[in-house]
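Keep the 3D view open and find each residue as it comes up.

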Amino acid sequence: MDSSLVARITAHARRHLTDPDLGPERIAVEHAISKRQLCAVLGRAGIRLEQWLIGERLEAACRLLASPRHAALPVSAVAARCGFTSPSHFTRRFREAYGATPSEWRRHRFRPAVPIAREDT
């Protein structure tokens, strides 16, 4: 039963990642369980909810930052679209996870390939 509940919880959370109010209380209510039971079920599956949510949101942010379609979207808007309420918190978490700020990561991802000049001998 735990694996089924974990699958439903994670699917629900992924559908609502953009909602900055998504948290343990709300997820527990949506699944008619207590917050304590939610944490216990996820803990048995090796999931720490807050860290898992941040990881999922950061992955979504990477997709937006790498998308040429969203190249003009400010980093603060990417943060908001991914459920972060604070751009500075988003930037700090992003740097911790990827070793670069979102802006640095975006620049690196969009750097055009420069052909190497060859000398003919």
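Helices α4 and α6 are roughly perpendicular to each other. Their axes cross at roughly 90 degrees and come within 10 Å, and an angle from 65 to 115 degrees counts as roughly perpendicular. Please keep in mind that this is a predicted model.

**Where α4 meets α6**

- On the α4 side, the contact is made by Glu50, Gln51, Ile54, Leu58, Glu59, Ala61, Cys62 and Leu65.
- On the α6 side, the partners are Phe90, Arg93, Phe94, Ala97 and Tyr98.
- Sorted by class, this contact has nine nonpolar, three charged and one polar residue.
- If you want to trace the two helices yourself, α4 covers residues 49-66 and α6 covers residues 87-98.

**The largest pocket**

- The largest pocket holds about 200 Å³ of space.
- Its lining is made up of 14 residues, and those nearest the centre are Leu22, Glu50, Ile54, Arg57 and His89.
- Which helix gives the largest share of this lining? Helix α4 does, with five residues.
- By class, the lining of the largest pocket has seven nonpolar, five polar and two charged residues.

- Leu49 is found in helix α4. Is Leu49 buried or exposed? Leu49 counts as buried because its relative accessibility is 11%, and the cut-off for buried is under 20%.
- Leaving aside neighbours within four places in sequence, Leu49 touches Gly23, Pro24, Ile27, Leu38 and Leu42.

**An exposed residue in a loop**

- Ala32 sits in the loop between α2 (24-30) and α3 (35-44).
- Ala32 counts as exposed because its relative accessible area is 72%, and the cut-off for exposed is over 50%.
- What is the phi of Ala32? It is positive, at about 55 degrees, although Ala32 is not a glycine.
- For background, most residues other than glycine have a negative phi.

How values were computed: Residues numbered from 1 in each chain as written. Predicted model: local features only at pLDDT ≥ 70, side-chain atom pairs only at ≥ 80, totals over all residues. Heavy atoms only, no water. 1 Å grid on protein atoms, 1.4 Å probe; cavity = no way out; pocket = protein on both sides within 12 Å on 5 of 7 lines; lining within 4 Å. Points joined across faces, edges and corners; volume = space filled by probe spheres on them. Helix = DSSP H or I, 4+ residues; strand = E, 2+ residues; numbered from the N terminus. Nonpolar A, V, L, I, M, F, W, Y, C, P; charged D, E, K, R; others polar. Buried < 20%, exposed > 50% of the residue type's maximum accessible area, 1.4 Å probe, protein only. Contact = heavy atoms within 4.5 Å. Axes fitted to C-alpha atoms, helices over the stretch in contact; angles between N-to-C directions. Parallel < 35°, antiparallel > 145°, perpendicular 65-115°, else oblique.
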